[in-house]
Amino acid sequence: MAEAITSREQDYSQWYLDVIKFAKLADYSPVRGCMIIRPNGYALWENMQKALDEMFKATGHQNAYFPIFIPQSFLAKEAAHVDGFAKECAVVTHSRLKMDPVLGLIADPDSKLEENLIVRPTSETIIWDTYSRWIQSWRDLPILLNQWANVVRWEMRTRLFLRTMEFLWQEGHTAHATEQEAIAETLTILDIYAKFAEEYMAVPVIKGIKTASERFAGAVETYCIEAMMQDGKALQAGTSHFLGQNFAKAFECKFQNKNNELEYVWATSWGVSTRLIGALIMVHSDDQGLILPPKLAPTQVALVPIYRSDEERTKVLETAGRIKAELTAAGVRIIVDDRDGFRPGWKFNEYEVQGVPVRLALGPRDVENGTVEVARRDNGSKTTVSSANLGEFMLKTLDEVQNGLFERALKSRESMTTTVETYEEFLSVLDSKGGFVRMHWDGTDETEQRIKEETKATIRCIPLEGYDEAGFDPISGKPSKGYVYFARSY
RNA sequence: CGGGGUGUAGCGCAGCCCGGUUAGCGCAUCUGCUUUGGGAGCAGAGGGUCGCAGGUUCGAAUCCUGCCACCCCGACCA
């Protein structure tokens, strides 16, 4: 082996970066903190987009597109929003360059803009400015829009997929006549996110509510899905915000209701990003490389033909072609890797590193016997099966892999979830095994901040389900309505 | 922004402390032959303003000064 992936045990962080590099998902760019998404990574993103987009549309949403540039003054309109994003905005101040004899290429001072433009860190402001013009009557509501876009946040410290200065995401922005309807929308989306995470990514998630300190800048309530990585750190995988009337007020967006009264519009916004790819890697992959769930894998099955002579090559490729046609017809994404100049062993390794769920090997021996070798990436198993009527078998196998990955991730999360009754226990669990630590919390900012300062663990969420066992906060002794999830997080 | 580290071939590095022919090595690339059921072997070939700018010196990858960039670890965040 020429180069090896760093093992998780040795250095989890380096392992993560190595997997991305070896699986050719992304590359560094000439600009600090930005990422080049390579074809393997982008295909994964496209599959995520496709599944999510269908779910959004099935629930009545439409796609639209708003500009990347936002007038600087817009950012000033919602107080909490400014606080949250001002520190990390890319600002456009000039419109052209010029060649200076001394300094070289510079921003032309004569092209300074009347008003600075902000490269969107998120689009609430420009969208609510627009909605204020689109909405007059209750008949104009609801508006249920989503956009697939890139956003820029000038982050201090970046990490491929998990936090990059520019990232791809979808952001939904909806407008409603009533508070209940907006809250229902927020929850509908949360359910879509959870369903997507669990059924497509095979990543189990906890649905919950963020505490005030972790809330989105400008939201009344932030709902989230939280996932657990193999190293015991949590990752926020998606958020859905109930924005109340904050943005409607900031942008004077009112509608006339059925009682002939003017009312501010109720809002939601929600998003998931290319960060999900980071989650996918950190939940399933191993020291050999990437492991992808079949539903999202760009290539589900890779067939490696094996031959020596031209005669063998012809025979093997003929059978390979037949298998490909059959599996394609069954709806399986299969490739036949008939590249000369790469040896079978090399190809085996490549598909393993890249996380292809199932690898088939087909040699002269198999052609003779009417068989094919099936190797599963998730558990390393190898079996030889009949090459006739492979379609049904393969669909079943892919299904098993998909479910197996979810079950494994769920077990892992369960083993990394601990309920504690005292703060001593809390500290010891956090330091020994990490993971989610369920503990009573009195609901105050003070306790939350103290824990954060002492342990770096934050309240990941107040769970939507199972938040009903009353007790007492072990730190303050005050009453608590239920256990909340603490963890150190990405 | 704090701490640590690194800039020498496409990638990964050695050389630097102690200045001295034509700057090396591994991988990758190209050609040829042999190979092909788990990352092939042999032979040959191509590829470099040594991060940038100054300085010291007969002579700088190496010494001095300044700058820049990136990576990793923290605080902040999807």
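Where is the place of leucine 162, and between which strands?

## Finding leucine 162

Leucine 162 sits in the loop that runs between strand E9 (143-152) and strand E10 (166-176). Keep in mind as you look around that this is a predicted model.

Leucine 162 has 19 other C-beta atoms within 10 Å, so it counts as partly exposed; the label "buried" would take 20 or more. Setting aside neighbours within four places in sequence, leucine 162 is in contact with Arg275, Gly278 and Tyr490. Threonine 274 is 112 residues away from leucine 162 along the chain, yet their C-alpha atoms are separated by 7.6 Å.

## How the chain is divided

Let's step back to the whole of chain A. It is divided into domain 1 (12-90 + 123-284), domain 2 (301-397) and domain 3 (418-487). Between the C-alpha centres of domain 1 and domain 2 there are 40 Å.

## An open sheet and its helix

Now for a sheet to trace by eye. Its 5 strands follow the order E18-E17-E19-E20-E21, making an open sheet with mixed pairing. At the edges are strand E18 (334-336) and strand E21 (382-386), each of which pairs on one side only. From one strand to the next, the twist averages 25°.

Helix H9 (residues 310-329) packs on this sheet and touches E17, E18, strand E19 (358-362) and strand E20 (371-376). The direction of helix H9 makes about 170° with that of E17.

Strand E17 (residues 301-305) pairs with E18 in the parallel sense, over 3 bridges.

Conventions:
Residues numbered from 1 in each chain as written. Chains lettered and ligands numbered in written order. Predicted model: local features only at pLDDT ≥ 70, side-chain atom pairs only at ≥ 80, totals over all residues. Pairing = 2+ DSSP bridges. Helix = DSSP H or I, 4+ residues; strand = E, 2+ residues; numbered from the N terminus. Axes fitted to C-alpha atoms, helices over the stretch in contact; angles between N-to-C directions. Contact = placed C-beta atoms within 7 Å. Domains from an automatic or database assignment. Buried ≥ 20, exposed ≤ 12 C-beta atoms within 10 Å, placed from the backbone.
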